[in-house]
Structures are given as C-alpha cells and as structure tokens.
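Dear colleague,

Please find the sequence and structure below. My notes on what was found follow directly after them.

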Amino acid sequence: MHLMLEFGGGLELLCESVKVHNVNVDMPKGADKLTMKDLLAWVRTNLIKERPEMFMKGESVRPGVLVLVNDCDWELSGQLDTTLEDKDVVVFISTLHGG
Amino acid sequence: MESNGEGASRIRREIEALKDEKARIEQKILDLEAQLQEEASLAHQQQQSESVCNGCFPSVSAADANLAHGLTADSIYRYSRHLLLPSFGVRAQSNLLKSSILVVGAGGLGSPALLYLAACGVGRLGIVDHDVVELNNMHRQVIHTEAYIGQPKVKSAASACRSINSTIQIVEHEQALRTSNALEILSQYDIVVDATDNAPSRYMISDCCVVLGKPLVSGAALGLEGQLTVYNYKGGPCYRCLFPTPPPATACQRCSDSGVLGVVPGIIGCLQALEAIKIASDVGEPLSGRMLLFDALSARVRIVKIRGRSLQCEACGENTTFNQQHFKDFDYEKFTQSPLSTSPPKLKLLAPDSRITSKEYKERVVSGEPHVLVDVRPEHHYKIVSLPKSLNIPLTSMEARLPEISSALKEQEEGTGSGANLYVICRRGNDSQRAVECLRNMGFDLAKDIVGGLESWANDVDPNFPMY
C-alpha cells in the first residue's frame with residue numbers, strides 16, 4: 001500500500017531531518033487491512049532513527065503529537081483503529097510552544 | 001567672470017534659500033489644513049446641536065446618519081478602508097471599536113498581533129509581559145525599537161501602539177501572568193490572544209479562558225514552522241481537549257535554543273490578529289475546530305480538521321468540576337515539568353568536585369596546564385563562536401567519538417610525563433554536565449565540566465566574547 005508520510009514540528013529530526021516520506025507498507029501477515037496501529041509500528045522500525053521515545057509512548061504516539069489522516073485529526077477516524085487506504089496522507093506533527 | 005569656487009557657493013546659497021522658502025510654504029499648507037479641519041468639525045458640531053434643537057425637522061444631514069453608528073468623523077476617515085468592505089463595513093467596525101482584546105506576550109507573535117490590533121481599532125487593547133527588550137529580540141519582535149533595549153517590553157509595545165492609534169485605550173500589565181493574577185486580568189477582556197512561548201503558560205491561559213468563558217486565539221512558532229488555532233469558541237475544543245497530557249519537557253523546544261526565523265512568528269502573529277478581529281467584529285468563520293500548520297521552507301499552509309470539545313476534558317468536559325478556585329490552586333509548572341518563565345533551566349547533575357568555574361579554567365590555560373577542552377555543542381553552534389583549541393564533539397555523537405578524545409589526551413600527555421586533564425564546555429553548563437556524566441561512565445574518571453559554560457566565560461572572564 002502506497003502512503004505519503006509527513007513529519008513536522010521537530011519530529012522530522014527523528015528521521016534524519018527528512019519531512020516527507022513516500023513509502024510502501026505491506027499489510028500485516030494474515031490481515032486484510034492496514035490500521036494506524038500497524039503503521040506506527042512500521043514507522044518506528046523503518047523511519048525513526050533516534051530517540052524513539054520522542055515519537056511513541058506505549059503503542060501510540062507520545063503526548064503532544066497530533067496525527068492527521070488526510071488532513072483530519074485521527075481522533076475523528078478511530079485513532080489507532082483507523083483503517084488506511086492506498087495513497088492516504090498521514091501527518092505526524094509535534095505541537096509547538098515557542099513564540 | 002566668477003571662479004568655480006564662488007559659483008558653487010552661490011548655488012549652495014540659492015539652494016538654502018529655496019529650501020527655507022519650501023519649508024515656509026509647507027508649514028503654511030499644514031496650518032491651513034488644520035484650520036480647514038477645525039472649521040469642518042465646528043460645522044459638524046453645529047449641525048449636531050441644530051438637529052437636537054430642531055428635533056421636529058426630519059434628519060437631512062449625512063453626519064446625522066453616521067452618528068447613528070456611533071462612529072465619529074475621525075473614525076470614519078481613519079477606518080474608511082474597512083468601512084468600504086461590503087463584508088466588513090460599519091457594523092463590524094463598530095463591533096471592533098466596542099471590543100476588548102488581551103495579548104499575552106509582546107514577543108515574536110505578540111509584536112505583529114499588537115500592531116495590527118492597535119491599528120484596526122480594537123476599543124481596548126491589553127498587553128501582558130514581564131520581560132525587557134533585548135538586542136537578540138530585534139530580528140523578530142518588530143514592535144520594539146533599539147531605543148527601548150533594556151526597558152520593559154510592555155512599555156515599548158504600548159508606546160508603539162499609541163503612536164499608531166491614539167484613539168484607542170492601551171492597557172499595560174507589566175507583570176508575569178500567574179494563576180494568582182490571571183483571572184483578574186483576563187476577566188477584563190472579551191478575547192485573549194496567546195502569544196507566549198512555553199507549555200505551562202499555554203495550559204494556564206487555556207484553562208483560565210475556559211473558567212471565564214473567553215475565546216482564545218492561540219499561535220506558536222519555532223524554527224521554520226508555525227501553528228494557529230482558536231480554542232474555547234462557541235462550543236469548540238480547548239487546549240486540553242487536544243492535549244490532555246502535557247508533552248515531555250524534552251519535547252518543548254524554545255526559540256532561544258532551537259532558533260526561529262524572524263518572519264515566521266511574524267506571519268503567525270498577523271494571523272492571530274486576523275482571527276481576533278474576526279471574533280471581535282463577528283465576521284467570517286474563526287479557525288475553531290481547525291488548525292493551520294505553516295511550513296516556511298516548503299511554502300506550504302495546511303489547514304486540518306481537529307477534534308471537537310472532548311466530553312472527558314478535565315477543563316471543559318461534561319462532568320468536570322474545574323472552576324476558578326481549582327485554577328488558582330493548579331501548579332502548571334509541576335503539571336508540565338517546565339518553568340513558566342523563559343529563563344533556561346539550571347541543571348545540577350554533578351558534584352562540585354566534578355566541576356570548575358570559567359575563571360579557574362582561565363587560570364589553568366594561563367599556567368600552561370596540559371589539557372583537552374571538549375565543546376559538546378551542536379556543530380552549527382560551534383561555528384558561531386568557540387574557545388581556541390577546543391575540540392567540537394556534539395553530545396549526541398559523543399559515545400561514538402570517544403577515541404578522538406583519547407588520542408587528543410595522549411597528544412597532550414606526550415613529553416609532560418604526567419596526565420592531561422579533560423574539561424567539557426557547552427553554551428550554559430547543562431549539556432556539559434550530561435557529557436561529563438557519560439564520560440565518567442566510559443572510564444574518563446577525571447572529566448570535569450565548566451560551570452555556566454561559555455555564558456559564564458563571557459560574563460566572568462572575557463566580556464568581549466560574543467554571546468548568542
């Protein structure tokens with residue numbers, strides 16, 4: 001499944017400062033769909049190069065990270081259970097506090 | 001025939017004479033214009049009193065129609081370009097003139113926000129800040145001028161606002177916003193603009209807006225990115241609905257550490273002014289339930305849909321008991337594990353015998369003591385300024401580069417017959433402690449750090465050392 005992943009708000013520093021990643025992610029063995037929970041595990045293994053605790057906490061993202069699936073807060077689509085479709089755009093953004 | 005020198009001085013005299021005459025004429029024009037304005041306003045007042053006296057006559061003058069909107073002749077002229085907008089017009093401008101807006105923070109975001117809010121005619125504009133203007137603010141905090149360096153930001157910002165618009169009320173709150181004064185200050189305004197720079201302030205301001213029922217225009221900027229949304233507006237989410245758990249303190253970067261391109265908070269601050277104006281004047285669709293994400297490098301603006309009000313929210317949820325008293329008692333610094341003030345944290349990781357002061361280090365350099373100085377700042381910091389003969393090994397890559405430290409120490413020891421000392425320095429003396437702790441665990445038992453880092457070197461040893 002082809003997905004476009006974007007990291008922002010400083011999270012890109014965890015993936016060698018690359019913000020946009022066009023990736024192909026396979027469905028888990030025996031499953032007929034790919035969920036956000038699967039994708040997070042994939043991202044952690046394949047894209048996060050340092051300080052994984054700055055990206056994840058438990059099986060979800062750490063507090064202060066917004067997850068957007070096709071420009072929509074993942075809270076509105078079922079969070080970890082959100083089912084992903086081919087060509088979906090998933091954005092991970094760390095909330096900023098500076099000014 | 002006159003010589004060249006005489007010719008030139010004659011021309012100069014003539015120019016001076018013409019300039020004097022020009023100045024005289026310009027002054028005359030100004031005087032006449034003032035006279036004209038005075039006559040016009042006198043005529044205006046006369047019309048007004050006549051229309052009151054002769055109430056039986058139907059209203060015929062245009063001035064009467066305008067007065068019904070509560071806009072004075074000066075206001076009509078000043079805000080004419082707003083009034084000409086069919087979707088804004090007299091109604092929105094009158095709303096704006098009757099509104100009150102508080103801007104918390106007169107920094108990178110607050111500067112443009114305040115300038116536009118003052119210019120557009122917000123009736124009462126409040127400014128909260130406890131900082132003073134510094135030289136390293138100037139590149140982004142465009143409301144302040146060099147003449148105000150060392151003076152309170154509130155004073156500087158208020159004076160700039162007054163010089164743009166003397167007809168509105170500017171209120172100075174020269175104090176740090178705390179739970180002890182926030183309720184009293186925020187309750188005096190219709191709308192709050194969060195232009196602060198740290199996580200505990202953001203939670204505190206949002207909670208205070210929730211208990212007082214005020215809409216909150218929240219902006220943030222760091223590096224080359226910005227974010228903007230409106231909280232607690234007509235049933236929309238509050239900051240805690242979106243971020244019920246605070247992020248780890250290590251994830252909260254500050255402009256003073258990570259840097260920020262000046263124009264980025266400028267853009268977000270302008271958008272904050274825009275959202276505040278929309279709410280105050282009751283036009284358009286405020287950015288509630290949506291968030292604007294700005295990426296300066298790729299020139300992209302993304303507007304995303306965010307969750308609505310959370311029923312479980314501790315501040316604004318259905319069964320919450322959070323009230324003004326809870327707010328007053330809440331410890332936001334403890335909650336977020338980070339300080340409300342912008343002053344950098346002072347880590348105390350090492351025992352005193354594992355540290356030396358910058359003055360002591362200077363003495364050791366002068367006495368020719370064999371040693372290695374490792375500077376653990378990131379490479380782009382090191383490029384700004386560094387101490388002579390220091391070795392730049394950033395903290396993040398130190399473990400992999402220990403052999404470089406070993407060989408540098410060996411080089412120093414050659415021919416001396418005794419051991420060389422190992423010192424570690426960073427910008428302020430926090431990372432250097434982390435580095436020494438790591439070095440000691442790796443067998444460099446004598447490693448010591450320099451208390452207060454390069455900042456203390458600049459303060460206590462070399463006042464000409466550039467600081468950033």
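B:Tyr361 is buried, with a relative accessible area of 5%, and B:Tyr423 is likewise buried at 1%. Here "buried" means under 20% relative accessible area, "exposed" over 50% and "partly exposed" in between, with a 1.4 Å probe and protein chains only. Please note that this is a predicted model, in which local features need pLDDT of at least 70 and side-chain atom pairs count only at pLDDT 80 or more, while totals for chains, interfaces and linings use all residues. Residues are numbered from 1 along each chain as its sequence is written, chains are lettered from A and ligands numbered from 1 in the order in which they are written, and side-chain values use heavy atoms, with hydrogens and water left out.

Aromatic pairs

A search of the whole structure finds 13 aromatic pairs over all chains. In A:Phe7 and A:Phe92 the ring centres are 5.3 Å apart and the planes stand at 25 degrees, so this pair is stacked. Rings of Phe, Tyr and Trp (its six-membered ring) pair if their centres lie within 6.5 Å; planes under 30 degrees apart count as stacked, over 60 as edge-to-face and the rest as tilted. The pair links distant parts of chain A, since A:Phe7 belongs to strand β1 (residues 2–8) and A:Phe92 to strand β8 (residues 89–94), 85 residues apart. Helices (H or I, at least four residues) and strands (E, at least two) are DSSP runs, numbered from the N terminus. Both A:Phe7 and A:Phe92 are buried.

For B:Tyr361 and B:Tyr423, the ring centres are 5.6 Å apart and the planes at 75 degrees, so the pair is edge-to-face. B:Tyr361 lies in helix α15 (residues 358–366) of chain B and B:Tyr423 in strand β12 (residues 421–425) of chain B, so the pair ties together parts that are 62 residues apart in sequence.

One aromatic cluster in chain B includes B:Tyr203, B:Phe243 and B:Phe335. The charged end of B:Arg240 sits over the ring of B:Phe335, 4.7 Å from its centre. The criterion is that NZ of Lys or CZ of Arg is within 6 Å of the ring centre and within 35 degrees of the ring normal.

The sheet in chain A

Four strands of chain A form an open sheet in the order β2-β1-β8-β6, with mixed pairing. Two strands pair if DSSP finds at least two bridges between them. β2 (20–24) and β6 (65–69) of chain A stand at the edges with a single partner strand each, so one side of each is left without a neighbour in the sheet. β6(A) and β8(A) run antiparallel and are joined by five bridges. A:Val67 has A:Phe92 as its bridge partner in β8(A).

Annotated positions

Which residues does the UniProt annotation "active site" cover? The unreviewed entry gives B:Cys255 and B:Cys426; UniProt positions are given in the numbering used here, feature names are shortened, and annotations may be inferred rather than shown by experiment. B:Cys255 is found in helix α11 (residues 255–258) of chain B and is buried, with a relative accessible area of 13%. Leaving aside neighbours within four places in sequence, B:Cys255 is in contact (heavy atoms within 4.5 Å) with residues including A:Gly98, A:Gly99 and B:Arg140. B:Cys426 is found in the loop between β12 and α18 (431–441) of chain B and counts as buried at 4% relative accessibility. With the neighbours within four places again left aside, the contacts of B:Cys426 include B:Asp375, B:Arg377 and B:Asp431.

With kind regards
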